[in-house]
Amino acid sequence: MTTLAIGPSWLDPEYLISTFGLIGILAIVFAESGLLIGFFLPGDSLLFTTGLLVADGKYLDQPLWLVCLLLVIAAIAGDQVGYLFGRKVGPTLFTRPNSRLFKQENVAKANEFFEKYGPRSIVLARFVPIVRTFTPIVAGVANMKYRTFVLYNVIGGILWACGVTVLGYFLGQIGFVRTNIEFILIGIVALSVLPIVYEVLRARAGSRAARAEARSEEPQETHAGARRTD
């Protein structure tokens with residue numbers, strides 16, 4: 001395998017797995033699923049690489065079912081912690097000052113995502129970097145019904161943690177994938193970022209349309225005011 005040639009080398013999935021093993025993978029999945037400091041961690045590519053390395057027997061000698069089970073537990077537990085943190089912190093989260101590890105814009109994105117999709121956002125956010133970290137926190141802030149959150153959290157945790165890992169396991173046994181793993185991982189990162197890019201472009205387009213509509217209404221209002229004066 002080759003290393004993922006984007007981002008710092010210490011965030012390379014294979015480096016993380018070879019250095020910290022299964023325990024490190026579980027810690028990263030847990031942190032990215034609901035801790036504020038985990039938003040920058042490589043969740044999707046890490047899970048895919050984990051499955052690939054389980055198939056290869058490199059660094060990881062545990063059976064696939066056990067790895068998937070532990071990853072699902074870590075993902076669900078991370079979201080639970082995020083939800084409880086949101087319930088405890090409440091609205092103060094939205095007034096917290098920006099720092100190197102915390103940006104209000106990330107909370108705003110997750111809040112918009114949550115309001116748009118409702119309970120389904122807990123599942124859908126699993127596949128969107130950054131949003132995946134903040135959505136359970138926002139759900140807690142919004143006092144989402146706990147039983148509903150748990151249900152969608154379990155579904156999302158299984159689909160994401162198990163699904164992406166199993167995908168890596170089976171695709172990792174294909175020669176083309178193994179010889180082009182760097183490009184495959186870059187593609188996974190790109191695909192996971194596409195929803196964010198789409199939302200940003202959509203928001204900008206909506207903003208431009210609103211400004212254009214406002215400008216088109218200004219002359220009519222001015223003309224109507226002039227007639228009333230006459």
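## Leucine 46 and its contacts

Setting aside neighbours within four places in sequence, leucine 46 is in contact (heavy atoms within 4.5 Å) with Pro13, Ile17, Ile25 and Ile28. This is a predicted model, in which local features need pLDDT of at least 70 and side-chain atom pairs count only at pLDDT 80 or more, while totals for chains, interfaces and linings use all residues. Residues are numbered from 1 along each chain as its sequence is written, and side-chain values use heavy atoms, with hydrogens and water left out.

Leucine 46 sits in helix H2. Helices here are DSSP runs of H or I with at least four residues, and strands are runs of E with at least two, numbered from the N terminus. Leucine 46 has 0% relative accessibility, so it counts as buried. Buried means under 20% relative accessible area, exposed means over 50%, and partly exposed lies in between (1.4 Å probe, protein chains only). Leucine 46 and isoleucine 28 are 18 residues apart along the chain, and their C-alpha atoms are separated by 8.9 Å.

## Where H3 meets H6

Now let's look at a pair of helices. The axes of H3 and H6 come within 6 Å and cross at roughly 45°. Axes are lines fitted to C-alpha atoms, for helices over the stretch in contact, and angles run from 0 to 180 degrees between N-to-C directions.

From H3, the contact is made by Asp79, Gly82, Tyr83, Phe85, Gly86 and Arg87, and from H6 by Arg132, Pro136, Ile137, Ala139, Gly140 and Val141. Sorted by class, the contact of H3 with H6 has six nonpolar, three polar and three charged residues. In this scheme Ala, Val, Leu, Ile, Met, Phe, Trp, Tyr, Cys and Pro are nonpolar, Asp, Glu, Lys and Arg are charged, and the others, Gly among them, are polar. H6 itself is mostly covered, with eleven of its eleven residues buried.

## Two residues with positive phi

Just after H6, asparagine 143 takes a positive phi of about 55°, although it is not a glycine. Asparagine 143 belongs to the loop between helix H6 (131-141) and helix H7 (146-171). Its relative accessible area is 51%, so asparagine 143 is exposed.

Tyrosine 59 is not a glycine either, and it has a positive phi of about 75°. You can find tyrosine 59 in the loop between helix H2 (43-56) and helix H3 (64-89). Tyrosine 59 counts as partly exposed because its relative accessibility is 42%.
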